[in-house]
Amino acid sequence: MTNSVHIVEEMQHQVHETADRAHYVNQWVMHHVTDSGEWHTPLWSLHLPPWISNNAVMLIITSFFLIIGFGSFFRYQKGKAPRGWTNALEVFVLFVRNEISIAYLGEKDGRKMAPLFLTFFFFILTANLMGLCPLFSTSTGNINVTMGLASITFFFMVFGAMYVNGPIKFFKAFAPEGVPWPILVILMPIEMIGLVIKCAALTIRLFANMLAGHIVVFSLVGLLVTFGLWALPALAMALAINLLEVFIAFLQAYVFTVLSAMFIGEMYHPAH
Amino acid sequence: MADSAHKTEVSHDTVETTQAHIGHGQDAHAEINPMEISGQMVVWTWVLFFITLGALYKVAWKPILGTLDKREEEIQESIDNAEVLRNEMAQLEAVKAEQLAEADAKSKKILETARNGAQEQAKAIEEKARDEAAILTENAHRDIDVSRALAEDGLRLKSAVWARELAGKLIDENLDDDKNRALTDKLIEEL
């Protein structure tokens, strides 16, 4: 009797202990995927000043990488075909300009707006990929960063379209011709709210994808903490998910850029 | 039992390490909200994005897109030049074909003219030969006629002489020479 009571107590103890560990793993995962005022690495631990957060530091590093990278990797030699990094990056530059910018905004506006979409693509891609590297964290897994990026799209959807078409044409775009006015009363506010919803969708899509991927990877690693060596196969799965995340990083950068171009293009050329 | 105690100790260590890692003064049980909105972070994003956009425009997009545009223009120019050359080639081909056709027609005409000339010449030569042959034949006929006439005259004369001699022999000495000659001439005329 005493023995069985002891076994039950032992089991209860183990259950509580596992629950405790799971709780801390949860805290650990959420701590690693959300923004904070610290930058922890296996090598150093920095307490950041209150005016800057970990994700802001990551964005600064992203900008730094991009400017230094493009400044040093792109080398054109007159009369010679591009080689190496120049050739590799040129494929992406051409793709973004021709298949995204010009495809959705037309020849004239597409060429003019190409630098914006190129920056969107490479900025998001670098931020996404940095999150997969040790020492760094995913700034695009922060809703405020994705909101900031989507608000830039919103800015061009509204003010860019006003600049291109004029304010009257901009508002006329919300009222399609031939629609009776009672329907317009309902349709116009919906169309205007649609602008915000499109940008909110951009925000959530990038944020959720990047956050979810990292939560999955950290949770799989967390299984090792919770269940010990029994959960070793989870490490292989985490590695596989991490590789998938590389693809997701490219895909999400592409999706954000394409949708931004599409939304801005719709506002620039409402007749189409 | 000892093993279980050891496991408990290890797991406590792990939890504490995790807690310490998360901690740094934070309450480990405090809820972390990934949806928390921070205006400061949005501003950071704007500032850094536009700095990146400006810097990349200067160091990357402007030179890269400029180079790509230039390359596209060069390729387009080459395509246009190739098109012009192709058209020129087609025109030259057409001129060449026309000239060949002209040369062919000319050579045929020359051959035709030469053939006609040769035929005419052959005809003329043949006619000339025929005329000459006719003249020769006519001359020959004339010669034959003259020769026949001469032969006939000679023969007639000879016959007359023979006849006179024969008649002289027959008549003997009755007739003198003057009478014989006159008779003979008369006979010859009659003949």
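Reader: At what angle do α2(A) and α3(A) pack, and how far apart are their axes?

Author: Two packed helices are described by the angle between their axes and the distance between the axes. Axes are lines fitted to C-alpha atoms, for helices over the stretch in contact, and angles run from 0 to 180 degrees between N-to-C directions. Here α2(A) and α3(A) pack at about 105 degrees, with axes 9 Å apart. α2(A) is therefore roughly perpendicular to α3(A), since angles of 65 to 115 degrees count as roughly perpendicular, under 35 as roughly parallel, over 145 as roughly antiparallel and the rest as oblique. Please note that this is a predicted model, in which local features need pLDDT of at least 70, side-chain atom pairs count only at pLDDT 80 or more, and totals for chains, interfaces and linings use all residues. Residues are numbered from 1 along each chain as its sequence is written, while chains are lettered from A and ligands numbered from 1 in the order in which they are written.

Reader: Which residues of α2(A) meet α3(A)?

Author: Two residues are in contact if their C-beta atoms, placed from the backbone, lie within 7 Å. From α2(A), the residues include M58(A), F65(A) and F73(A), and those they meet in α3(A) include W85(A), L89(A) and F122(A). By class, this contact of α2(A) with α3(A) has 12 nonpolar, 3 polar and no charged residues. Ala, Val, Leu, Ile, Met, Phe, Trp, Tyr, Cys and Pro count as nonpolar, Asp, Glu, Lys and Arg as charged, and the others, Gly among them, as polar.

Reader: How many helices and strands does chain A have?

Author: Helices (H or I, at least four residues) and strands (E, at least two) are DSSP runs, numbered from the N terminus. Chain A has 7 helices and 2 strands, in the order α-β-β-α-α-α-α-α-α along the sequence.

Reader: At what angle do the axes of α6(A) and α7(A) cross?

Author: The axes of α6 (residues 181-227) and α7 (residues 233-268) of chain A cross at roughly 175 degrees and come within 9 Å. α6(A) is thus roughly antiparallel to α7(A). Their contact has 19 nonpolar, 5 polar and 3 charged residues.

Reader: Which residues of the largest nonpolar core touch the most other members?

Author: In soluble globular proteins, nonpolar side chains tend to be buried together. A nonpolar core is a set of buried Ala, Val, Leu, Ile, Met, Phe, Trp, Tyr and Cys residues joined through C-beta atoms within 7 Å. A residue is buried if 20 or more other C-beta atoms lie within 10 Å of its own, exposed if 12 or fewer, and partly exposed in between, with C-beta atoms placed from the backbone. The largest core has 64 residues, of which F117(A), L118(A), F121(A), I124(A) and I264(A) touch the most other members. Elements giving two or more residues to this core include α1, α2 and α3 of chain A, together with α2 of chain B. The most come from α3(A), with 19 residues. Leaving aside neighbours within four places in sequence, L118(A) is in contact with V93(A), V96(A), R97(A) and W61(B).

Reader: How many residues of each chain are in contact with the other?

Author: In this model, 36 residues of chain B are in contact with 45 residues of chain A. α2(B) gives the most to the side of chain B that touches chain A, with 20 residues. The residues of that side divide into 24 nonpolar, 12 polar and no charged.
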